[in-house]
Amino acid sequence: MTRYLLAGGGTAGHVNPLLATADAIREREPDAEVVVLGTQEGLEARLVPERGYELVTIPKVPFPRRINGAAFRFPGLFRRARQQTARLIAERSIDVVVGFGGYASTPAYVASKKAKVPLVIHEANARPGLANRLGIRYTTFVGVAFHGTRLKHARFVGMPLRSEIERIDIDVARREGLTRFGLDPDRRTLLVTGGSQGARRLNSTVIDTAAKIIGTGWQIIHLVGGKADVTDPGIEHYHVMRYCDRMDLALAVADFAVSRAGAATVSELTAVGVPAVYVPYPIGNGEQRLNAADVVGANGALLIADALFVPSWIDDTLIPLLNDRVRLHDMAVQSRHIGSREGSQRMLQLIDDALDN
């Protein structure tokens, strides 16, 4: 029996590939022991137990980015987190540590090195996070979700995705999705999503232009986000939803998408071959623009800045594109060519390579 310690969390971008990898391990090795290391503050505190995995938490110790009181406290706090993780590795006889970035990963990386336990790292974003930039000093087994990710020893594995997406039968899922969402089978479908938190400009621009888009013969599924302050205008063929618990079906019915460019979203859309307009989140270090770079470079998607995603852009660019069936077909082919549904299996192979080594 192999004993795995999967470390990471904080955001969905870290937790979701961790859980997809855990599911792949459990399916292949039902008797494997899978322990997840996280913090009490991150999404893993809820999502990991819900999925049926054991969660062990350590204190959240952010790496200081300036000289202040937290910077002076950091060495002692980090040492205790690393020692707690080292005890876990020893007491549970962990065979391999697999890290996905986030606050819990760095103590696990250092502890695995001291314990001489194989370490595997997965980086979901095209611009690597700090934890993984530090972790690559301790391993040569590094998987990345995007070809352009700059990390030493990087091997493209793609994004570990939920099994219902990696194994999707598009035709079957599309028929189910049309019924589930109450869609017109004779209309093409535009999927709009700004993520669970929503996206103010993206939402408002689509609402303002929904009637024009529908007038071209399309219908819209608009996932506005649970916290979005929007009102359904009540337009026929315009379906406003706070969230969707069957994204596999939403992807299957989508002929085109307008979306943020989070790593998981780009990976899911390309896995199914949905062409898109990506509107990167305007705050942060620019990683969303880089996440979309591969598919945009392959002509499977367009990129537009959040500030420029306004009704006039919809009129001048998006609506003419939606009316161009030949171009949409070519974009779909390129999107699927860039995408991968093998992320979980490739990640398992990387873990096996580390264990064999």
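This is a predicted model: local features need pLDDT of at least 70, side-chain atom pairs count only at pLDDT 80 or more; totals for chains, interfaces and linings use all residues.
Student: OK. How many helices and strands does the chain have?

Tutor: There are 15 helices and 13 strands. Helices (H or I, at least four residues) and strands (E, at least two) are DSSP runs, numbered from the N terminus.

Student: What's the radius of gyration, and what would a compact globule have?

Tutor: The chain has 21 Å, which agrees with the value near 21 Å for a compact globule of 357 residues. That radius is taken over C-alpha atoms, and the globule rule is 2.2 Å times the number of residues to the power 0.38. Along the principal axes, the C-alpha trace spans about 65 × 45 × 35 Å.

Student: What share of the residues is buried?

Tutor: Buried residues make up 53% of the 357. Buried means under 20% relative accessible area, exposed over 50%, and partly exposed in between (1.4 Å probe, protein chains only).

Student: And how much of the accessible surface is carbon and sulfur?

Tutor: Carbon and sulfur atoms hold 49% of about 16300 Å². Those areas come from the Shrake-Rupley method with a 1.4 Å probe; for residues, only the protein chains shown count as cover.

Student: Let's switch to strands. Which residues of β11 are buried, and on which side?

Tutor: In β11 (residues 256-259), Phe256 and Val258 are buried on one side, and Ala257 and Ser259 are buried on the other. Both faces of the strand are covered.

Student: Which strands does β11 join?

Tutor: Strand β8 (residues 188-193) runs parallel to β11, with four bridges joining them. On β12 (residues 276-278) there are three bridges to β11, again parallel. Two strands pair if DSSP finds at least two bridges between them.

Student: On to helices. Which residues of α13 are buried?

Tutor: In α13 (residues 311-322), they are Trp313, Ile314, Leu318, Ile319, Leu321 and Leu322. Down the axis these fall within an arc of 150°, so they line one face of the helix. The arc is that of the directions from the helix axis to the C-beta atoms.

Student: Why would residues spaced like that point the same way?

Tutor: An α-helix has 3.6 residues a turn, so residues three or four places apart point the same way.

Student: What about α7: which residues are buried and which are exposed?

Tutor: In α7 (residues 170-180), Ala173, Gly177 and Leu178 are buried. They cover an arc of only 135° around the axis, which puts them on the same side of α7. The face turned away carries the exposed residues Asp171, Arg175 and Thr179. The cover over the buried residues includes α9 (247-253).

Student: Loops next. Where's Asp306, and what does Asp306 touch?

Tutor: Asp306 lies in the loop between β13 (301-303) and α13, and counts as buried at 12% relative accessibility. Leaving aside residues up to four places away in sequence, Asp306 touches Arg201, Arg260, Val279, Pro280 and Pro282. Contact means heavy atoms within 4.5 Å.

Student: And Gly194, buried or exposed?

Tutor: Gly194 counts as buried, at 11% relative accessibility. Gly194 is found in the loop between β8 and α8 (200-215), and with residues up to four places away left out, its contacts are Ala199, Leu223 and Arg260.

Student: Last one: which residues other than glycine have positive phi?

Tutor: Ser93 is one of them, with phi near 50°, and Asn299 is another, near 65°. Ser93 is partly exposed at 40% relative accessibility, whereas Asn299 is exposed at 55%.

Methods. Residues are numbered from 1 along each chain as its sequence is written. Side-chain values use heavy atoms; hydrogens and water are left out.
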